[in-house]
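Thank you for making the time this morning.

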Amino acid sequence: MQDLAGGTDQMWQDVQRLFTTLVSLDGDATAIIIPIDDADMIKASAQLRLVRQIRLLGACRNAIPIVALKDGEIARHLIRETRNEYYPGAGFKADFDAGVEREVHDAVAQQLRKTFPQWATYRMPQPSWRESVHYRPRGDHRDFVDLLAAAEPRNADRSLVVSNMLLDPTGPQSTILDTGQVAHLLPTNLRKLAQLWSAIHLSTVERTGQRELDALARVLESLQNVVDPPFGIETPPVGKFEVFEEPGRDERVLASIDYRGVYGAVRAGDWFDLDTDREDPIDSANHVVYDFRPFAELVPRWRVSSSTVKDYLDTQGALSLLLAIQGVVTSDPQIRVTDNSRLTYGVTFDSIRFLQSIRIQNLATDDAFVSFPQSFCLISTVRVISSWTQIIDRARREHLALREILALSIHASVAIFVDDSDVDIEDLATGYTEAFAAASDHAHGIRLRRESGIRVTLRERHYLAWFQYWLPAHWHESIFALEDIDGFARRILSVSGGESAAEAPDHIYINRSLSTRLKTHCEEIGTTQSVEKQAWIGGYERIASALNFKMPHGWAELIIPAWRRTVSAPRVGGAAIAHSVAQAEQASSPLAQNRDFLEEGDADLLVAYVSARLRDWARP
C-alpha cells in the first residue's frame, strides 16, 4: 500500500515517529490535525495518489486528516484515472465494456469507502430557501427581509425588491421552491450567504448623507456580484446600476444589463398517456389528440463559446438570482432599463412546447399550441410553472378538450402578466370565447395606454406581443369552427391596429409569430419533411388569409391541397376501399355520389385515405 501511495516503508515509519514526537512536545495534545481543503480541485492524476496518502495518514496513531471535498467530483475523477491505470490503451472503449466499468467502479468505491468511512464522514448541511431568507449573523436581529426592505425608496408603493427577491413563502410559488423545481436565488453556501448579508448590510444600514436610490443601486450590484460564472462562457453577466437625474424629473436608477449568457432548460416528467384511458381523447370528429407531461425541473445552463464543449450547468442558482434582479429593474418605476440591455428567460415558448404532444388527423405537429408569454423574472417563472402543473392536472381529471385547455392558459397569462397575481386554475372557466374576449380587452387597454404615452411595463409588453403574434396559433381548423376563427381574427386585428401578421413585432419576440412559424414549416418541404407530414399546417389557412400572411409558393400549391385531402379522406369511409376507381367513374356507383370524393379526385383521395388509416393504426 505504501508503494501505491508513494515512498517507502522507511519513509512512512519516519512519518509515524514524527507525529508521535510532535504530539509529545505538548503534554495536553493527543493528535495532530492535518486539514486538506478543496481536495477535489487538484488535477485528476494527483487525486488518486492523494486518496491513498490520506488513507495511510489516517492509519497513523497520532494523525487526524480532515479533508474537504465534493465526493461526487472526486469519484468521477478517480474512475477516469483508475481506468487509465488498470486498462492503459483502452481509451473510450472501456465506456462500452460493462465488465470493465464494473471493475473500475468497484475499485474506486472500495478505495473511497476505506479512506472516508461513513462513521467519519460529515456532510455540510445546506440551508433551505426559507432558512436563507431569514439568515442573520449571530448577535444581529436583522435578516435578509429587513435588509432588502430597507433598500426600498420610501415613496415606493410596495416592496418590489422584497417581493421579487424572496417571494411569498405562503403562495403557490413556495411549492415550486420546496420541491426544487426552481432553485432559490440566495446562495446555499454559508460563506457566500454571510458575505452577501454583509454587503447588503453596508449598503442599507447607514443612510446619513446619501440618496435613497444609491442604496437600491448598491444592493442590486451586491446581489449581482454573488454570481460566479464559470471560465470560458460565451457572455458573462454584466450589469451597471447608476443613479441619474433627468431634467424636470425625479432621480432614477439607470440599469444596463446583459444576462443572456445563462438560460433555462427544462427537464420533464413522464407522459400522462391521457388518451389511453378515455374513449374520446378530445374530438373524434376532428381527430385531435393531446398528451402532456409535468414540469420536473428548471435546469439552468451557461452558454459556452466553444462549439465542441457542452454548455455548463448552473449549480449555484445564478439564473434565479438574475431573474429576480430583472424582476426588480423592469417593475420599479424609479428604474429605467437601457434599450441595449439583454435579458435572460426562465420559461420560454420552447420549454412549454417540450411538455406537450399534439396530433392532428394522426399527424405529428410541432406541439406549439399551449403557450404563455416568456417569463423574464423569478415570480413569473414560478407562476407559469405552477399554472402549467395545475392545468394538466385538471385536464387529466376532467378530460378537458384542447380548446378548454387553451382557455385556461389564456386566463393564467392574464393573471400572471397583466394582473401580476397568483393563479388558481380550479376557479377559472373553460369557455374559450369568453377567455379570448377578456384577454382582448386587456390587450386593448395596454395598447391605448402605450399610444397615449403612459408607461407600460415590460411584463405588459410581453403580454401584448404574445397576444398579437402567438395567440393566433390556437386557431387551427381542427380545434375551432371557421366562423369562430373569423370572429377571432376581426377582434385581434382591431386590438392590434391591423399589424398582427408582422414577422418581427419588436425586439421582444423576434421571429416568434404564427406567420414565421408557418413559413419555417413550408421551407422544410422537400428538405427535411415531406408535404404529407407537414399537411397539418394547412389547418391555419383561414387565419392566415384573414391576417393577410404573405405565404411562400408551396403554401397554396402543396400544403393546402395536402391538408384538404387529409381531412376529406376519412370522410369517404370504407366505400373507397370497396370500389375501384373504375367503378367510381360510373354515375350509378354509390362512391360517385360522395361529394368529398368527387371534389378531391379518385387516386389521390384513395391514397390519402389509406395513409390516414395506416397512421391511425401505427400511432403509438
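What we have here is a predicted model, in which local features need a pLDDT of at least 70, side-chain atom pairs count only at pLDDT 80 or more, and totals for chains, interfaces and linings use all residues. Residues are numbered from 1 along each chain as its sequence is written, and side-chain values use heavy atoms, with hydrogens and water left out.

On confidence, pLDDT is the predictor's confidence in each residue, from 0 to 100. The chain averages a pLDDT of 80, and 80% of the residues score at least 70. Among the elements, by which I mean DSSP runs numbered from the N terminus, helices being H or I of at least four residues and strands E of at least two, the lowest mean pLDDT, 44, belongs to helix α1 (residues 2–5), and the highest, 96, to helix α15 (residues 402–417). The pLDDT stays under 50 over residues 276–282, a stretch with twelve contacts beyond four places in sequence in the model, where contact means heavy atoms within 4.5 Å. Residues 580–585 are also below 50, with nine contacts in the model beyond near neighbours in sequence. Where pLDDT is low, the predicted coordinates should not be read in detail.

As for the overall make-up, the chain's secondary structure comes to 25 helices and eleven strands. Of its 620 residues, 48% count as buried, where buried means under 20% relative accessible area, exposed means over 50%, and partly exposed is in between, using a 1.4 Å probe and protein chains only. Among contacts between residues at least 6 apart in sequence, 70% join residues at least 24 apart.

Let me turn to the helices. Helix α5 (residues 98–115) has 18 residues and reaches 26 Å from its first C-alpha to its last, close to the 26 Å expected at 1.5 Å a residue, the expected span being 1.5 Å times one less than the number of residues. Which residues of α5 are buried? They are Val100, Glu101, Val104, Ala107, Val108, Gln111, Leu112 and Thr115. These residues cover an arc of only 135° around the axis, which puts them on the same side of α5; the arc is that of the directions from the helix axis to the C-beta atoms. On the other side of α5, Ala98, Arg102 and Arg113 are exposed. In helix α15, 13 of the 16 residues are buried, so this helix is largely enclosed by the rest of the structure.

Next, the aromatic rings. The structure holds 15 aromatic pairs, counted when rings of Phe, Tyr and Trp (its six-membered ring) have centres within 6.5 Å, with planes under 30 degrees apart taken as stacked, over 60 as edge-to-face and the rest as tilted. Tyr135 and Phe144 form a tilted pair, 6.2 Å centre to centre with 35° between the planes, and both residues are buried. The rings of Phe292 and Trp388 have centres 5.3 Å apart and planes at 80°, so this pair is edge-to-face. Phe292 lies in strand β6 (residues 288–292) and Trp388 in helix α14 (residues 378–398), so the pair ties together parts that are 96 residues apart in sequence. Phe292 is buried at 0% relative accessibility, and Trp388 is buried at 1%. One aromatic cluster is formed by Tyr432, Phe436, Tyr463, Trp466, Phe467, Trp475, Phe480 and Phe488.

Finally, the loops. Asp40 and Met41 both belong to the loop between β1 and α3. Are they buried or exposed? Asp40 is buried, with a relative accessible area of 12%, whereas Met41 counts as exposed at 63%. The C-alpha atoms of Asp40 and Leu69, 29 residues apart along the chain, are separated by 5.3 Å. Leaving aside neighbours within four places in sequence, Asp40 is in contact with Gln47, Ala68, Leu69, Lys70, Glu73, Ile74 and His77.

Most residues other than glycine have a negative phi. His399, in the loop between α14 and α15, has a positive phi near 55° and is partly exposed, with a relative accessible area of 36%. Asn548, in the loop between α20 (541–546) and α21 (553–572), likewise has a positive phi, of about 60°.
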